[in-house]
4 protein chains.
Amino acid sequence: MSGSTFGKNISMTTWGESHGAALGVVLDGFPAGLELSESDIQSFLDRRKPGSSKVTTPRKENDSVKILSGIFEGKTTGTPISLMVENTSQISADYSEIAGYYRPGHADYGFDKKYGFRDYRGGGRSSGRETIGRVAAGAICHKLLSQLGIDVYAYTRSIGDVAIDDSKFDRAQILSSITAMPDAEADKKATDLIVNCREKGDSVGGVIECKITGMPAGIGEPVFDKLDALLSKAVMSIGSVKAVEIGDGVLVSSAFGSDNNDAFCMNGDKVSKKTNHSGGILGGMSDGTDILLRAHIKPTPSISSTQQTINKKNEEIEINIKGRHDPVIVPRAVVVVECMCAFTILDLLMSNMHSRISYLTDFYSH
Amino acid sequence: MSGSTFGKNISMTTWGESHGAALGVVLDGFPAGLELSESDIQSFLDRRKPGSSKVTTPRKENDSVKILSGIFEGKTTGTPISLMVENTSQISADYSEIAGYYRPGHADYGFDKKYGFRDYRGGGRSSGRETIGRVAAGAICHKLLSQLGIDVYAYTRSIGDVAIDDSKFDRAQILSSITAMPDAEADKKATDLIVNCREKGDSVGGVIECKITGMPAGIGEPVFDKLDALLSKAVMSIGSVKAVEIGDGVLVSSAFGSDNNDAFCMNGDKVSKKTNHSGGILGGMSDGTDILLRAHIKPTPSISSTQQTINKKNEEIEINIKGRHDPVIVPRAVVVVECMCAFTILDLLMSNMHSRISYLTDFYSH
Amino acid sequence: MSGSTFGKNISMTTWGESHGAALGVVLDGFPAGLELSESDIQSFLDRRKPGSSKVTTPRKENDSVKILSGIFEGKTTGTPISLMVENTSQISADYSEIAGYYRPGHADYGFDKKYGFRDYRGGGRSSGRETIGRVAAGAICHKLLSQLGIDVYAYTRSIGDVAIDDSKFDRAQILSSITAMPDAEADKKATDLIVNCREKGDSVGGVIECKITGMPAGIGEPVFDKLDALLSKAVMSIGSVKAVEIGDGVLVSSAFGSDNNDAFCMNGDKVSKKTNHSGGILGGMSDGTDILLRAHIKPTPSISSTQQTINKKNEEIEINIKGRHDPVIVPRAVVVVECMCAFTILDLLMSNMHSRISYLTDFYSH
Amino acid sequence: MSGSTFGKNISMTTWGESHGAALGVVLDGFPAGLELSESDIQSFLDRRKPGSSKVTTPRKENDSVKILSGIFEGKTTGTPISLMVENTSQISADYSEIAGYYRPGHADYGFDKKYGFRDYRGGGRSSGRETIGRVAAGAICHKLLSQLGIDVYAYTRSIGDVAIDDSKFDRAQILSSITAMPDAEADKKATDLIVNCREKGDSVGGVIECKITGMPAGIGEPVFDKLDALLSKAVMSIGSVKAVEIGDGVLVSSAFGSDNNDAFCMNGDKVSKKTNHSGGILGGMSDGTDILLRAHIKPTPSISSTQQTINKKNEEIEINIKGRHDPVIVPRAVVVVECMCAFTILDLLMSNMHSRISYLTDFYSH
């Protein structure tokens with residue numbers, strides 16, 4: 001209710017700061033009976049860890065998840081699943097200088113105006129580490145969705161001006177490439193771009209795309225809780241996302257109806273569509289075709305080149321942000337987008353079990 | 001809770017179908033003491049009415065709002081404000097044919113899959129008329145925001161390939177132009193484009209932009225209820241919106257950090273920024289500068305040219321949708337975007353009254 | 001979210017004041033496909049109407065419900081059901097005097113402190129007429145529960161010192177007796193007591209009991225949303241209720257465990273219990289036996305004998321409240337308790353459709 | 001949203017089972033700036049710990065709280081406060097037998113019916129240990145309320161047939177007596193009763209009373225979120241509570257209005273009442289006088305004498321529950337009632353900061 005909880009039928013409540021004792025999440029309302037171990041979650045968390053690669057921060061974040069509740073004899077029990085990752089390698093000393101001024105592109109100024117002061121160590125609550133909880137909860141939802149035949153996967157569509165070539169789409173590359181691009185060639189180009197950025201003390205943005213296949217039709221609520229509205233909230237709530245598109249997205253504003261409408265057709269005995277400009281969502285509900293969503297991520301605001309800003313005394317100053325920062329947020333945010341989408345889809349799938357009287361009468365007659 | 005209610009500190013619950021007896025909204029949690037009359041609301045509703053103009057539907061929608069509760073001696077009482085608009089001119093006969101098939105670009109198919117059947121008259125619950133309740137509630141929030149020095153206004157940025165020229169921005173044009181464009185020249189060109197669309201039996205999309213000035217810094221919650229996340233949900237929940245951008249929006253994905261970061265600076269004794277790529281939001285909180293949001297609206301899916309689709313028996317058919325439809329949704333949706341943003345801003349402003357212990361101790365010491 | 005909305009999977013939002021234009025409710029999230037007409041609702045509303053009988057107020061409240069949305073071809077559509085009752089016979093002139101002082105036992109003082117002023121006509125929002133919306137929404141839930149084999153019925157257990165004799169329990173009497181007592185003899189005695197109260201310008205309290213049969217086991221959430229916790233909130237939120245008991249209620253505090261524990265046993269092939277001290281609820285979940293709840297209702301605070309109080313200038317004064325008031329709230333509140341319980345039960349029944357992974361996999365495999 | 005989260009402006013989400021790795025709570029929405037250390041919370045937790053006394057279980061529960069997030073430089077930051085208590089002394093072996101049957105008076109049967117299986121170790125999620133999170137969160141609210149001049153304190157009113165004598169009320173005794181009774185003599189008698197119960201292998205119930213002084217008038221929302229409705233939910237959601245009374249409680253049902261109404265009067269320049277039958281709440285809002293609430297607690301269901309029940313194969317069996325159990329729940333539940341009330345009061349106090357337009361205009365003009 002208070003801004004750290006997300007979802008309706010299921011809910012996740014995240015907590016923790018970059019340099020606190022730990023970070024975590026409570027996943028509540030999750031159904032009983034899913035086989036679940038820490039490794040199911042760890043494999044998702046590992047995707048957001050900075051690696052030893054040349055494009056991500058050399059900081060070591062050894063994020064090991066612990067399941068603290070909600071599992072008995074290897075299965076979810078229906079009670080809250082509490083997950084925690086201890087902060088083991090944060091060194092607060094690195095951040096002492098930034099306490100006194102407001103970094104451009106960061107939440108520092110807003111935090112001070114809202115709360116009167118802030119935990120300035122490593123971004124505090126607005127650190128990217130906050131997403132650990134989201135990924136941990138989303139990983140569990142992802143596992144259940146797989147059992148329902150629904151596949152949610154995100155990848156990097158572009159970094160700066162380097163975009164993937166859809167004709168070379170290779171899903172296996174998502175997990176193995178440096179940039180999470182499903183195109184080895186684009187991955188190489190993008191890596192060069194990132195390295196170049198780092199050398200210049202600069203950073204760069206990119207686009208994350210998420211696809212959801214196997215969706216039943218009719219998922220999403222017709223008015224405020226439209227499927228696209230909730231996906232937008234889910235994804236826009238990830239730090240650094242500045243735009244969300246569904247299907248053709250921004251292109252629809254210059255399109256004509258005769259082109260933009262997708263004709264329904266039959267594919268054997270399955271309802272299908274001849275095109276998918278809608279990105280699988282019509283009137284806020286899934287139309288049974290693949291869902292397609294894109295998130296536009298801004299360049300990392302922490303750059304090492306000199307910047308102008310003000311300090312807490314309202315004096316204009318010049319700063320040089322120290323420390324090692326990713327020159328691009330995108331590759332590590334891919335799994336966050338995927339997990340937020342998985343969570344949202346599962347939450348809305350659960351709502352549809354209530355949509356007809358006959359579902360209730362059938363359920364309670366057995 | 002169930003998809004027709006929006007908001008936290010204040011909430012609006014909309015109800016009604018295109019061809020039911022009436023449509024309306026219950027605005028709950030609104031503070032006591034605002035002077036309010038039906039005309040305050042009617043002036044907003046009139047902006048979404050189809051006019052006699054050449055670009056909107058010639059259907060007559062004489063939408064007169066009635067206040068049913070929550071006002072005493074001309075002021076809000078703190079109790080729920082119930083607002084109703086009776087449906088007076090809907091003729092169901094026009095819609096009998098579409099009952100049997102699924103219109104491309106519409107929610108028809110999803111409704112049937114979700115609920116087993118649908119109210120097919122005029123789109124039922126997914127009609128644009130559902131926004132009557134949103135506009136009525138938003139008008140009241142807008143009035144209170146004005147008293148807090150916050151100005152929320154939306155306008156048409158583009159229709160098809162015709163965009164406004166920012167150097168010719170004339171706010172007065174928003175309410176007087178046919179397209180809600182703040183640029184008389186662009187308005188004329190866009191009107192020609194729309195008329196041309198209608199003649200071809202086609203439709204066209206466009207972009208609505210919303211600006212919010214006078215914002216205090218620190219509004220929005222740092223994690224899931226980020227200011228931009230809630231604005232995105234608010235705006236994406238309007239039918240036909242397929243993308244939402246904050247500030248530079250989709251451009252950030254190809255930008256560099258050195259360009260994208262906005263330097264904080266002093267403007268006299270006020271904190272300001274040298275640029276506003278962020279669109280007034282950093283880390284999910286307002287940064288004290290103007291908020292800028294864009295919604296991309298798809299072309300009206302109801303077009304009169306022949307289309308392919310399937311019917312309820314899963315047979316592929318060709319259809320010609322009859323009746324008069326707006327060839328563009330944008331001009332009438334401008335006030336809906338404005339109202340959803342106003343509501344969201346007010347809701348989050350109320351949360352900040354709780355953000356510090358000192359606010360509570362001050363409040364309860366008087 | 002803001003105090004006029006109740007429920008999670010389904011929600012009801014009530015609105016309206018005693019002397020406004022109308023009162024009503026929006027029931028959202030209700031499943032599609034229930035046959036519903038205004039008469040289904042009207043029969044419940046008629047149970048809370050003051051009649052021509054000697055124990056209720058001679059005020060005429062001709063409360064006719066209108067369905068404004070959510071029904072198509074005689075069935076619920078899954079979209080919000082808006083219900084309205086117009087206020088036709090309220091005469092505000094009766095209430096002009098009470099504007100200046102605070103009636104003992106009423107919400108007047110709290111309203112002024114909270115909102116700065118109040119709609120003093122007929123109690124405004126805190127009038128018993130507010131329950132019209134609750135009854136209208138609850139009637140619909142009641143109908144669906146019947147189809148699930150669940151029977152919810154409330155009745156008067158006692159008025160003042162007159163209680164029913166359980167050995168003479170006659171359910172048919174609930175709807176036909178003056179006091180809603182299921183015991184004709186007690187009804188007669190209680191009626192005499194009430195008439196006596198009226199003659200003395202006094203009022204009297206009573207106990208309403210609600211039974212729920214046909215409950216599956218396991219309904220209710222184990223922690224905060226316990227079945228008994230939500231029923232308590234539902235019933236305590238009805239004006240004038242000052243205590244809620246489940247099963248043995250207040251008696252448990254002086255009982256021993258060896259008596260209070262109910263032994264599980266088999267009744268044929270059905271699980272049963274040898275006693276039902278628990279009132280059908282253990283650990284916040286239904287145990288499969290009948291649910292039993294009691295609400296203690298205070299005497300009507302509006303009495304015609306002279307009372308002491310203060311006015312808005314903080315002067316101590318003596319008052320005589322004019323107008324005709326029910327000397328007892330209980331008989332008219334019976335249907336309100338029944339409807340609040342029905343709503344709560346249905347809401348929680350819906351949650352259980354999500355409690356196991358196998359329910360989701362079964363549902364989405366068909 | 002899903003049953004483990006409570007509250008609106010602030011929320012607490014509890015997690016953990018009796019024999020899991022740990023238990024805890026996330027307190028979200030709590031304002032920034034309260035000085036807080038683990039000892040503030042530990043002193044409340046210690047009140048629910050079983051001691052070495054002769055009336056509570058000799059099990060050793062060494063519950064040490066850790067603050068994992070939300071505090072910086074000794075103050076709350078406005079971000080979620082995560083609190084954890086590790087389970088250090090639970091021995092699962094004690095509970096192996098009960099896995100196969102349903103204990104009378106416990107949630108076992110409901111859990112199995114709802115989720116298909118249960119964590120049977122020590123009651124799992126429905127263990128009294130779940131209240132650790134409630135107490136931890138409530139302790140923080142309690143500290144803030146003190147700074148607002150609001151005092152919340154609970155104590156044991158009665159155990160079995162031994163009740164305190166109000167004329168001997170000694171608040172200091174609450175924390176020092178064995179039974180949490182504010183009356184040394186009654187404490188002694190009740191202790192004897194409990195010891196007697198234990199010797200017989202039986203258990204006994206009791207009444208917990210909570211008083212809240214220093215309340216402003218007008219707190220609570222007029223309809224569903226009435227102050228008494230939310231307090232009832234808060235308290236009834238504690239395991240083993242079977243009835244909740246406000247003020248005169250169950251006595252009102254046999255009272256007359258002329259007695260039950262509390263006359264408003266002046267006490268110097270302060271508004272007061274001549275009596276307090278209402279328990280400080282009228283029409284769902286505080287009336288400015290002391291709030292009085294009573295919770296009726298059932299006898300501990302775990303008793304060592306022989307009981308009848310069924311096992312998972314639906315066979316009727318006789319059981320003897322082994323292990324050491326408190327013969328009375330009441331003394332340890334006192335602090336839980338106090339904490340749930342403190343949380344609820346603070347949540348509703350925050351709502352009132354929004355109740356008038358002038359509060360918003362004043363707030364945003366500074």
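Predicted model: local features only at pLDDT ≥ 70, side-chain atom pairs only at ≥ 80, totals over all residues.
Through which surface do the copies meet, given the interface residues of chain B and chain A? The views below lead to the answer.

View 1. Local features are given for pLDDT of at least 70 and side-chain atom pairs for pLDDT 80 or more, while totals for chains, interfaces and linings use all residues. Residues are numbered from 1 along each chain as its sequence is written, and chains are lettered from A and ligands numbered from 1 in the order in which they are written. Look for nine helices and 18 strands in chain A (DSSP runs, H or I of at least four residues for helices and E of at least two for strands, numbered from the N terminus). The C-alpha trace of chain A spans about 65 × 50 × 35 Å along its principal axes.

**View 2. Helix α6 of chain A, residues 227-236.** This helix is mostly covered, with ten of its ten residues buried. Among them are A:L227, A:D228, A:K233 and A:M236.

**View 3. Where chain B touches chain A.** Here 92 residues of chain B are in contact with 92 residues of chain A (C-beta atoms, placed from the backbone, within 7 Å). Helix α6 of chain B gives the most to its side of this meeting, with six residues. And the surface asked about at the start? The copies meet through the same surface, because 99% of the interface residues of chain B are also interface residues in chain A.

**View 4. Strand β11 of chain A beside strand β11 of chain B.** Both strands cover residues 241-246; they run antiparallel and are joined by three bridges.

**View 5. An open sheet in chain C.** Five strands follow the order β1-β2-β3-β7-β4, with antiparallel pairing (strands pair if DSSP finds at least two bridges between them). At the edges stand β1 (5-6) and β4 (65-67), each with a single partner strand, so one side of each is left without a neighbour in the sheet. Strands β3 (residues 22-28) and β7 (residues 81-86) of chain C pair over six bridges, and C:L23 has C:V85 as its bridge partner.

Key:
Buried ≥ 20, exposed ≤ 12 C-beta atoms within 10 Å, placed from the backbone. Contact = placed C-beta atoms within 7 Å.
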